[in-house]
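User: I would like a close look at one part of this model, with its surroundings described as well. Please keep it plain.

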Amino acid sequence: MLQVLEGSIAVAEAVKVCKVDVISAYPITPQTHIVEKLAEMVAEGEIDSEYICVESEFSALSACLGASAAGSRVYSATSSQGLILMAEVCFNVAGMRQPVVMTIANRAMGAPLSIWNDQQDSLTLRDSGWIQVYAEDVQEVTDLHIIAYKVCEDHRVLLPAFVCFDGFVLSHTYEPVEIPDQGLVDKYLPAYNPYNMLDAKQPLSMGMYATPDYYHEFRYEHEMAMQRAAGVWREAGAEFAKIFSRDYSQAVEGYRLEDADIALVALGSVCGTIKDAIDEMRNDGLKVGLLKIRVYRPFPADDIKKALSGMKKVAVVEKNLSSGSRMLGIVGLEVKDAINDSSISVLSYVTGLGGRDIRKSDIRKIVNACNEGKGNMFSGLREEIL
Amino acid sequence: MADTSVELFEPGHRACGGCGPALAARHILKGSGPDTIVVASTGCMEVFSTPYPESAWKVPWIHSLFENAAAVASGIEVALKKQGRKEHIVCICGDGATFDIGTMCISGAFERGHNITYVCYDNEAYMNTGIQRSGATPYDASTTTSPAGSASHGNRTQKKDMPAILAAHGAPYVATASIAYPNDIVKKVERAVNIPGACYIQIHAPCYTGWGFEGARTIDVAKLAIQTGLWVNYEMVDGDVEKVKKVKRKPVDEYLAEQKRFRHLFKPKRNDEEIAKIQAIADRNAANFGIDI
């Protein structure tokens, strides 16, 4: 049944059907509506979860780590400054292989302070060892949570995941959405079955330190798990599609790419705007398509190469800045590396930082610049105030 | 009563011979018993007891970061409650993790009143990284970041009163102890883990390498701290001081003179003015807690 729900409320409903045992979070805009709704569900007895109100995001994720290590399914949500305050714990949760699922309502990083959307926060933690997925709309972010738990808790993976959606653009926007049926979710996602846990009956030591004789291999095992996660995601996505008739099994998704000369590449909600812009540009005879990256870690390099092999030009829409890097954007560098073909021009366009709207006309400007061979630049600058 | 014949902290770990914190760990576990989950912070004890793949801990043990043991313990406590489990949760953390970098997490956990016991093994500096000062370092102690010199008497600040800070959070039980009195540690830990809520125990645990005395003298030096009134063993229940260990006090010189970290107060000549300030700290402790016999 379709309901019209705010993105944050839909996420809370997704967490509810995932039957998490322990929730711990600290309020930060634009994540707040998610955790407020969950707190309300706990207060009304609608969910059988414990909610720990902590004094910082740092403690929120630390509490999740402890609860997860004790054998519980856990959840947190954050944004921006909160995520970066958690950065140390993020590396730790991943290294300790705890299947924590955390929603990121993407927001810009200060300074200057901005509560509005871009994707600098989660992309900055690209290398922290978490799976990262990005949703285009409210239905997708709802469903991705359920798949994320399934993949993270799989004993072939045992890694945490960020489920990212754009702050305000999706978190505060009402869309028609179907909340998956509890009975069906229970079948898809059974109760958490920990690989190991803190238990006085079977004592073990967790989080020991590793000398140079062992550390290297820990990191290798981590990486092997991340690589296995790609296949497990496809599997879990396909199973989800069978039950719920919505298919997120592919790490990337093409739109009007088949006969395109120019491909735009993007993550998250801007893909919707880009699709509309593509339809208009197609009417004007421009052969443009889109490659949406859903699963950013593990990075789907082979899928990207396959999808973009026939293109002449690739324009990567970046809601982030890797300051001082040649292409300026974080994603473009990796896309260029994945394509690894000097006959295809790959250029980045940093745009929409700190909540600046990205309109169809902005996408058209990016395509025009790409056609002229101009790129690796800021797009949509207000020249008059510079 | 705790069965003190059961050893849950195994020998063969990599602590120095004469390590105060290792003695503390052994007796903390005798007090909490086998149904205990230990949460450790980064520090000396974590390093000497758990070099992968060896562990000295015969109870479940977890280490995450330097500053988050109290928050990790909060999560474990809530998970156990949800699962209907009853293990004791005991944080064992150094003074740097407790007085300095982990204070925010501790304050949050004590405000929420999780059913945990937080034990600080207090060796009065960052020993694992090479004897840098912490908020627990006593006045005038020379450390590698508060060195005594021609323009310095060593550490300029007094030891932070963490037990009072945690008592102010409404902790039902706060106690201090010393490795000089191991049975007292066992009793206090056993009492704490059986009191619902967040309890705090601070154990004076001399580090002979960091303080600069003979390793065979660890217990004696710990005892001198109590006998001079520079360390007071007491219990606070619901904010009120109960039992205090009373002593026939000795002058602070006896405690200070044998430690290299205070040597600058005696050589090249006795610094009467500074030693008098330290004596005043002991006198204040004696007056506040009524320790004099």
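What is the mean pLDDT of chain A, and what percentage of its residues reach 70 or more? After that, please look closely at strand 5 of chain A: how many of its six residues are buried?

Analyst: This is a predicted model, and chain A has a mean pLDDT of 98, with 100% of its residues at 70 or more. Within chain A, confidence is lowest in strand 1 (residues 2-6), where the mean is 97, and highest in strand 6 (residues 131-134), at 99.

Strand 5 of chain A covers residues 101-106 and is mostly covered, with six of its six residues buried. The side chains divide between two directions: V101(A), T103(A) and A105(A) point one way, while M102(A), I104(A) and N106(A) point the other way. The residues on both sides of strand 5 of chain A are buried.

Strand 5 of chain A has a parallel partner in strand 4 (residues 74-78) of chain A, joined to it by four bridges. Here T78(A) has I104(A) of strand 5 as its bridge partner. Strand 5 of chain A also runs parallel to strand 7 of chain A, and six bridges join these two. In that pairing, T103(A) stands opposite V163(A) of strand 7.

Chain A is divided into domain 1 (2-244) and domain 2 (252-385). The centres of the two domains, taken over C-alpha atoms, are separated by 27 Å. Their contact takes 28 residues from domain 1 and 21 residues from domain 2. On the domain 1 side, helix 6 (120-124), strand 6, strand 7 (161-166) and helix 9 (215-244) of chain A each supply at least two residues. Helix 9 of chain A gives the largest share of that side, five residues. By class, the domain 1 side has 16 nonpolar, seven polar and five charged residues.

A buried lysine in chain A is worth a separate note. K150(A) is found in helix 7 (residues 138-153) of chain A. K150(A) counts as buried because 24 other C-beta atoms lie within 10 Å, against a cut-off of 20 or more. Apart from neighbours within four places in sequence, K150(A) is in contact with Y188(A), L189(A) and A236(A). A236(A) is 86 residues from K150(A) in sequence, yet the two are 6.8 Å apart in space, C-alpha to C-alpha.

Chain A also meets chain B. In this interface, 37 residues of chain B are in contact with 36 residues of chain A. Strand 1 (36-40), helix 2 (44-49), strand 2 (61-63), helix 3 (69-83) and helix 5 (103-112) of chain B each supply at least two residues of the chain B side. The largest share, 12 residues, comes from helix 3 of chain B. The chain B side is made up of 20 nonpolar, 11 polar and six charged residues.

Strands pair across the two chains as well. Strand 9 (residues 205-206) of chain A and strand 2 of chain B pair in the parallel sense over two bridges, and M206(A) stands opposite I62(B). Nine strands form an open sheet with mixed pairing, in the order 9(A)-2(B)-1(B)-3(B)-4(B)-8(B)-7(B)-9(B)-10(B). Its edge strands are strand 9 of chain A and strand 10 (240-244) of chain B, each of which pairs on one side only.

As for chain B overall, it contains 11 helices and 10 strands. Chain B is as compact as a globular protein of its length, because its radius of gyration of 18 Å is close to the 19 Å that the globule rule gives for 293 residues. The C-alpha trace of chain B spans about 65 × 40 × 35 Å along its principal axes. Of the 293 residues in chain B, 56% count as buried. Of the contacts in chain B between residues at least 6 apart in sequence, 69% join residues at least 24 apart.

Conventions:
Residues numbered from 1 in each chain as written. Chains lettered and ligands numbered in written order. Predicted model: local features only at pLDDT ≥ 70, side-chain atom pairs only at ≥ 80, totals over all residues. Rg over C-alpha atoms; globule rule 2.2 N^0.38 Å. Buried ≥ 20, exposed ≤ 12 C-beta atoms within 10 Å, placed from the backbone. Contact = placed C-beta atoms within 7 Å. Nonpolar A, V, L, I, M, F, W, Y, C, P; charged D, E, K, R; others polar. Pairing = 2+ DSSP bridges. pLDDT = per-residue confidence, 0-100. Domains from an automatic or database assignment.
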